[in-house]
Amino acid sequence: MDFHVHLDNSTIDKVLELSRERRIKFGIVDHAGTKENQYPTLLSNDAELRRYLAMLEGKPVFKGVQAEWTDWMSCFSTAALAQLDYVLTDAMTFPGKDGKRVKLWTPDVAQQVDMSDKQAFMDRFVDWHVEVMTREPFDILANTTWLPAGMLEEWELYWTPPRMKKVIDAALKYGIALEISSSYKLPKLPFLKLAKAAGAKFSFGSNGRYPNMGKLDYSFEMAKQLDLKAADMFAPAPDGQKAVQRRKL
Ligand SMILES: [Zn+2]
């Protein structure tokens with residue numbers, strides 16, 4: 001199953017053709033949050049969320065959203081969010097010098113976020129992962145252990161075992177699954193081994209736009225190396241136990 005599929009430049013029917021071809025079940029995640037977030041498609045209120053759910057109704061996919069920033073919960077009622085199978089988010093949008101949201105993958109990020117001391121930034125970035133998991137009711141942490149350009153190349157230097165442990169502990173505490181991302185080929189094995197030993201759950205994600213959904217080579221390779229079983233994998237929670245229902249915020 002690929003729980004991280006974007007419809008952006010395609011349609012549900014075209015994406016379903018690929019699902020059948022690749023024999024992978026997809027979880028569709030449109031972006032969700034306030035209008036301040038800029039994406040090709042964005043769900044910002046109950047009415048838009050319900051239209052999206054209706055569009056996916058009866059299709060052989062899981063219905064998810066990729067939640068944006070820390071204020072997405074304010075856009076929707078719990079009842080509407082509970083119609084989803086799951087909520088996925090990541091820690092890649094980070095508070096800038098003025099406290100406003102900054103996408104850490106944008107080219108001018110150094111002007112907006114103090115990254116002059118990369119180890120000090122990394123400590124703040126790890127704390128940010130924990131804060132996101134503490135504050136937001138979601139089910140899957142996507143793009144786990146991603147790093148901005150200039151740091152990604154030296155992943156091992158920044159993702160030290162104590163930092164890994166902070167993120168893994170928070171995931172366990174809040175019942176959040178950790179995505180093994182085939183688009184970023186992350187997390188690397190040392191993180192995954194630590195997470196598995198701690199009892200974390202995992203999901204596979206391509207972060208795919210058409211026609212790249214369902215390409216899960218890295219996820220499968222890691223699953224093989226870790227000897228992951230069905231019990232180690234994320235599955236959408238039954239009604240009443242979804243993160244948006246379990247966690248009162
Ligand atoms: Zn995504």
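Me: Before we look at any helix pair, what do the angles between helices run from and to, and what are the axes fitted to?
Reply: Axes are lines fitted to C-alpha atoms, for helices over the stretch in contact, and the angles run from 0 to 180 degrees between N-to-C directions. Keep in mind that this is a predicted model.

Me: Thanks! At what angle do helix α5 and helix α7 pack, and how far apart are their axes?
Reply: Helix α5 (residues 118-135) packs against helix α7 (residues 161-174) at about 5 degrees, and their axes are 9 Å apart. Angles under 35 degrees count as roughly parallel, so α5 is roughly parallel to α7.

Me: Which residues make that contact?
Reply: From α5 come Q119, M122, D123, V126, D127, H129, V130, M133 and T134, while α7 brings R163, K166, V167, A170, A171 and Y174. Sorted by class, the contact of α5 with α7 has eight nonpolar, three polar and four charged residues.

Me: Let me try another pair. How are α8 and α9 set relative to each other?
Reply: Helix α8 (residues 189-198) and helix α9 (residues 217-226) pack at an angle of about 55 degrees, and their axes are 11 Å apart. As for handedness, α8 passes α9 in a right-handed crossing. On the α8 side, L189, L192, K193 and K196 make the contact, and on the α9 side Y218, M222, Q225 and L226 do. These residues divide into five nonpolar, one polar and two charged.

Me: Now the rings. How many aromatic pairs does the structure hold?
Reply: There are 12 aromatic pairs in the structure. Planes over 60 degrees apart count as edge-to-face, and one such case is Y86 with F234, at 5.8 Å centre to centre and 70 degrees between the planes. This pair links distant parts of the chain, 148 residues apart: Y86 sits in strand β5 (residues 86-89), and F234 in the loop between α9 and α10 (243-246). Ring pairs also link W69, F94, F121, F125 and W128 into a cluster.

Me: Are Y86 and F234 buried or exposed?
Reply: Buried means under 20% relative accessible area. Y86 counts as buried because its relative accessibility is 1%, and F234 does so at 11%.

Note on methods: Residues are numbered from 1 along each chain as its sequence is written. This is a predicted model: local features need pLDDT of at least 70, side-chain atom pairs count only at pLDDT 80 or more; totals for chains, interfaces and linings use all residues. Side-chain values use heavy atoms; hydrogens and water are left out. Helices (H or I, at least four residues) and strands (E, at least two) are DSSP runs, numbered from the N terminus. A crossing is left-handed if the near helix is turned anticlockwise from the far one by less than a right angle, and right-handed if clockwise. Contact means heavy atoms within 4.5 Å. Ala, Val, Leu, Ile, Met, Phe, Trp, Tyr, Cys and Pro count as nonpolar, Asp, Glu, Lys and Arg as charged, and the others, Gly among them, as polar. Rings of Phe, Tyr and Trp (its six-membered ring) pair if their centres lie within 6.5 Å; planes under 30 degrees apart count as stacked, over 60 as edge-to-face and the rest as tilted. Buried means under 20% relative accessible area, exposed over 50%, partly exposed in between (1.4 Å probe, protein chains only). Angles under 35 degrees count as roughly parallel, over 145 as roughly antiparallel, 65 to 115 as roughly perpendicular and the rest as oblique.
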